[in-house]
Amino acid sequence: MATLFNIEHISYSHPIPGGESQPALRDVSFQVEKGEYIAIVGANGSGKTTLARHLNALLLPDQGNVWVLGMDTRRKENLLHIHQQVGMVFQHPQEQMIATSLEEDVAFGPENLGLSTP
């Protein structure tokens with residue numbers, strides 16, 4: 001079976017300007033295989049969103065490694081392909097709006113996959 005995600009001992013702390021960084025993940029490890037369903041649950045502030053942002057390489061761990069479809073998220077040449085394979089719907093809509101119009105925002109997904117525009 002193919003491994004979709006391989007998370008190896010990742011730790012991450014959110015940087016706080018002018019203050020001490022805030023730990024969010026500590027020594028997290030797991031694998032997700034193709035065809036497998038998982039749920040990540042926890043209280044507000046427990047690190048679910050931080051973990052999800054590591055799965056699509058929006059964040060990089062302070063320690064440990066994240067592999068997506070066998071691609072190391074730390075390697076810049078892998079980022080485009082990872083972003084094309086792993087999507088994320090943010091909790092707050094304003095965090096995912098990237099364009100100045102709804103039409104451009106809806107078109108972003110297909111364009112990011114390399115599809116031509118009409």
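Where does Ser 21 lie? Ser 21 sits in the loop between strand 1 (3-14) and strand 2. Strands here are DSSP runs of E with at least two residues, helices are runs of H or I with at least four, and both are numbered from the N terminus.

A word on the model. It is a predicted one: local features need pLDDT of at least 70, side-chain atom pairs count only at pLDDT 80 or more, and totals for chains, interfaces and linings use all residues. Residues are numbered from 1 along each chain as its sequence is written, and side-chain values use heavy atoms, with hydrogens and water left out.

Now the overall layout. The protein has three helices and four strands. From the N terminus, the order is β-β-α-β-β-α-α. Of its 118 residues, 24% count as buried. Buried means under 20% relative accessible area, exposed means over 50%, and partly exposed is in between, using a 1.4 Å probe and protein chains only.

Back to Ser 21. Its relative accessible area is 36%, so Ser 21 is partly exposed. Leaving aside neighbours within four places in sequence, it is in contact (heavy atoms within 4.5 Å) with Ser 13, His 14, Pro 15 and Ile 16.

Next, Glu 33. This residue belongs to strand 2 (residues 22-33). Not counting residues up to four places away in sequence, Glu 33 touches Met 1, Ala 2, Thr 3 and Leu 4.

Is Glu 33 buried or exposed? Glu 33 is buried, yet has no salt bridge. A salt bridge needs a side-chain nitrogen of Lys or Arg within 4 Å of a carboxyl oxygen of Asp or Glu. For Glu 33, the nearest side chain of opposite charge, Lys 34, is 10 Å away.

Key:
Lys, Arg positive; Asp, Glu negative; His and termini not counted.
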